[in-house]
Amino acid sequence: MLTPLSLPGLEEAYLSLLRLVSEDHNHHISARGNDAREVIGASFRLSDPRRRLPFLAERKVNPIFHFAEALWYLAGRRDLEMIGYYAPSMRSSSRDGFHLGGSAYGHTIFNPANGDTLSLFDRVLELLRSESDSKRGYIPVFAADELAISDNPDMACLAGLHLLVRDGRLHMVCYMRANDLDCGLLSDVFSFTMLQEFAAVQLGLEMGSYTHFIGSAHICDRNAERVHRVLVEAVARSAPIQFPFPAMPTSTTAATVADVLEHEEALRTNKAHYSAAHIQASGLDPYWQQVLLLFEVYRQIQHDHVDAVNPDVLNALDPGLRWLVGHRWSAYAAALDGGEQ
Ligand code: 5HM
């Protein structure tokens with residue numbers, strides 16, 4: 001097989017890569033103090049990139065962080081203030097304590113640079129509008145000058161994203177220099193497929209496939225036990241757990257992203273407290289209302305005592321998001337459920 005393995009969604013790709021590296025790694029590395037098993041060169045293709053969330057009890061993904069990161073990218077940001085609230089571990093990658101560097105991919109993709117008046121994203125969309133079969137819709141992310149920064153704590157792992165319009169669909173190819181298969185891969189594919197869908201919406205196209213190439217595909221030794229438990233779970237269960245992931249509304253624009261992030265900031269700073277009814281009256285599409293519900297859930301977890309919280313927000317989540325929140329924050333969900341979790 002000379003083309004990437006085609007799989008329906010991220011969960012299948014994640015499990016295949018974990019199996020590959022666990023059973024048959026090429027190298028054992030300890031780059032920058034991180035011991036890991038590595039395969040050089042790995043790839044997959046997702047036929048349904050909206051299936052971007054795995055539902056595994058042993059690998060409790062954090063959908064709140066995933067949406068926060070995707071929106072942080074879409075808004076072209078690099079501030080630690082927002083993303084560090086959802087992922088405190090990212091603070092150690094900042095050189096000045098205020099900004100992220102190479103991994104702030106949205107900052108590179110969505111802001112004009114190099115004297116241009118348009119961002120790389122807008123340039124590529126302009127190109128694809130004028131020649132749909134183009135092979136030139138490549139958004140470079142890794143920058144040569146990152147190599148010149150000594151002890152760089154945050155060098156981009158994403159080399160670039162490639163957008164291709166074929167048969168009325170928008171396909172994406174992602175090139176990573178390195179991917180931590182148990183951590184980075186899950187948030188990367190979530191966010192990059194969100195960027196793909198946002199681009200498809202702007203171009204008025206259907207979603208195509210998502211293809212992912214990795215130079216160094218590795219699993220850190222410190223996560224090896226969890227990876228083992230995930231693989232045991234995948235074999236032991238009678239069938240995969242599946243929830244549909246809705247399509248991004250075709251009305252979504254940069255203004256929608258800004259609107260959602262305005263609410264996000266009010267919740268993050270605890271200046272606003274929302275009920276489900278309040279979010280329903282926000283004027284946002286139900287798809288983006290789900291994201292606000294997640295941000296309100298996180299505000300409650302961060303700022304409120306669980307006894308003081310009304311369960312209506314948790315109960316208004318779509319079943320798949322509810323499942324993930326219930327597994328990730330089981331004590332919080334159980335307390336709101338009256339101990340039924
Ligand atoms: O030493 P190096 O810069 O390669 O370490 C970065 C680590 O974070 C690697 O394990 C890389 O695979 C992982 N990573 C990832 O998987 C990092 C980022 C942030 O750029 C990412 N995905 N998006």
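**View 1. The annotated span, residues 13-236.** UniProt lists residues 13-236 as "domain: Thymidylate synthase/dCMP hydroxymethylase" in an unreviewed entry; UniProt positions follow the numbering used here, feature names are shortened, and annotations may be inferred rather than shown by experiment. The model is predicted: local features need pLDDT of at least 70, side-chain atom pairs count only at pLDDT 80 or more, and totals for chains, interfaces and linings use all residues. Residues are numbered from 1 along each chain as its sequence is written, and side-chain values use heavy atoms, with hydrogens and water left out. The C-alpha atoms at the ends of residues 13-236 are 18 Å apart, and the span is 36% helix and 24% strand (DSSP runs numbered from the N terminus; helices are H or I of at least four residues, strands E of at least two).

**View 2. The largest pocket.** This pocket holds about 1500 Å³ of space. A pocket is an open set of points on a 1 Å grid over the protein atoms alone, where a 1.4 Å probe fits, with protein on both sides within 12 Å along at least five of seven lines; lining residues have an atom within 4 Å of a point. Grid points are joined across faces, edges and corners, and the volume is the space filled by probe spheres set on the points. Of the 47 lining residues, Ser93, Cys157, Asp180, Cys183 and Gly184 lie nearest the centre. Strand 6 contributes the most to the lining, with 5 residues. Domain 1 (5-74 + 104-236) and domain 2 (254-339) both supply lining residues, so the pocket lies between them; the domain bounds come from an automatic or database assignment.

**View 3. Glu12 and Arg51.** The side chains of Glu12 and Arg51 form a salt bridge at 2.8 Å, N to O, one of 14 in the structure (side-chain nitrogen of Lys or Arg within 4 Å of a carboxyl oxygen of Asp or Glu). Glu12 is in helix 1 (residues 10-23) and Arg51 in the loop between strand 3 and helix 2, so the pair ties together parts 39 residues apart in sequence. Glu12 is partly exposed at 23% relative accessible area, and Arg51 is partly exposed at 27% (buried is under 20%, exposed over 50%, partly exposed in between; 1.4 Å probe, protein chains only).

**View 4. Glu197 and Arg52.** A salt bridge of 2.8 Å, N to O, joins the side chains of Glu197 and Arg52. Helix 6 holds Glu197 and the loop between strand 3 and helix 2 holds Arg52, so parts 145 residues apart in sequence are tied together. Glu197 is buried at 1% relative accessibility, and Arg52 is buried at 0%.
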